[in-house]
Amino acid sequence: MERVEQKKPAQFNVLPKIINGGIAGIIGVTCVYPLDMVKTRLQNQTIGPNGERMYTSIADCFRKTIASEGFFGMYKGSAVNILLITPEKAIKLAANDYFRYQLATKGGSLSLPRAALAGGLAGLFQIVVTTPMELLKIQMQDAGRVASAARAEGREVQHLTAMSLTKKLLRERGIFGLYKGVGATGVRDITFSMIYFPLMSIINDKGPRKTDGSGEAVFYWSLLAGLIGGMTAAFMVTPLDVIKTRVQADSAKEFNGIVDCVQKTLKREGIKAFFKGGLCRIMVVAPLFGIAQMFYFLGVGEKILGIEQRKSV
């Protein structure tokens with residue numbers, strides 16, 4: 001099929017991009033949340049003095065969580081995540097498009113370094129929402145693991161809700177308590193975005209186009225581009241995700257920042273610890289971004305607002 005070269009649009013419409021990003025995030029996270037729960041628990045479990053582990057594999061974590069907490073235990077903390085994923089994905093996807101638009105030449109071309117810069121800036125903007133969302137989500141997810149261990153020892157455990165956890169953090173640490181681990185979150189998200197967005201765009205541009213004149217790729221190709229881009233970026237930043245997860249889940253205040261977490265983890269568990277839950281993370285992120293990217297490019301926001309959909313730079 002002959003491709004029609006499209007110049008840089010005269011105007012960038014932010015609102016439909018935000019709507020598309022919000023819808024994409026809600027659908028994507030609802031589909032993959034149980035896998036994300038398993039990833040968090042695998043990454044955050046510690047090895048006992050005799051090498052014993054609470055979970056031996058992804059399947060074992062699924063089985064034990066459902067047996068202990070029921071099917072809906074797999075969605076613990078999901079309300080907070082789904083509530084905050086709307087602005088988070090809206091910011092991330094729309095910001096990437098916005099910065100790509102601003103950094104592109106008048107002819108609509110964008111070099112790889114500029115594409116990486118646009119992705120990195122999008123990742124930087126999103127951590128305003130991502131950090132408190134991730135902190136609450138991780139502590140809610142890990143609460144089930146802690147409760148199961150306590151019940152096995154015959155101890156009573158107080159039921160934890162997202163609201164009670166938020167109030168506790170605000171009472172003990174103020175608003176900045178919700179930004180615990182912001183450095184680790186920023187390093188992970190900026191690095192991820194610098195890898196994901198340029199790679200996804202390169203793959204997406206190679207696929208067949210829609211016949212509606214928008215210039216966008218067909219939906220299944222956008223899904224594939226998101227899957228491959230998400231899979232690659234997720235694997236490359238897994239060590240950063242492990243560090244972030246441990247710093248944010250550190251209720252006992254064992255780690256004094258990112259560097260201390262890296263040193264103690266490496267000393268106790270070796271280099272393999274930095275890839276804990278890596279396969280599960282790929283299984284979460286790849287479909288999350290594949291599904292989100294597919295719905296983002298469907299142009300629901302443009303249809304709602306009656307705006308003509310045009311291919312992003």
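A crossing of two helices is right-handed if the near helix is turned clockwise from the far one by less than a right angle, and left-handed if anticlockwise. The exercises below use this on a predicted model.

**Exercise 1.** Find how H3 and H6 are arranged, and which residues meet.

Solution. 
- Start with the axes. H3 (residues 78-103) and H6 come within 12 Å and cross at roughly 65°.
- Apply the cut-off: 65 to 115 degrees counts as roughly perpendicular. H3 is therefore roughly perpendicular to H6.
- List the partners. H3 brings Lys92, Leu93, Asn96 and Arg100; H6 brings Asp189, Phe192, Ser193, Phe197 and Ser201.
- Sort them: 3 are nonpolar, 3 polar and 3 charged.

**Exercise 2.** Work out how H6 and H8 run relative to each other.

Solution. 
- The axes of H6 (residues 182-205) and H8 (residues 238-248) come within 9 Å and cross at roughly 155°.
- Angles over 145 degrees count as roughly antiparallel. H6 and H8 are therefore roughly antiparallel.
- H6 passes H8 in a left-handed crossing.
- On H6, the contact uses Ala184, Thr185, Val187, Arg188 and Thr191; on H8, Leu240, Asp241, Lys244 and Gln248.
- These residues divide into 3 nonpolar, 3 polar and 3 charged.

**Exercise 3.** Is H10 mostly covered or mostly uncovered, and what follows H10?

Solution. 
- H10 (residues 278-297) has 20 residues. From first C-alpha to last, H10 reaches 28 Å, close to the 28 Å expected.
- Of its 20 residues, 16 are buried, so H10 is mostly covered.
- Gly299 follows H10, with a positive phi near 75°.

Note on methods: Residues numbered from 1 in each chain as written. Predicted model: local features only at pLDDT ≥ 70, side-chain atom pairs only at ≥ 80, totals over all residues. Heavy atoms only, no water. Axes fitted to C-alpha atoms, helices over the stretch in contact; angles between N-to-C directions. Helix = DSSP H or I, 4+ residues; strand = E, 2+ residues; numbered from the N terminus. Parallel < 35°, antiparallel > 145°, perpendicular 65-115°, else oblique. Contact = heavy atoms within 4.5 Å. Nonpolar A, V, L, I, M, F, W, Y, C, P; charged D, E, K, R; others polar. Expected span 1.5 Å × (residues − 1). Buried < 20%, exposed > 50% of the residue type's maximum accessible area, 1.4 Å probe, protein only.
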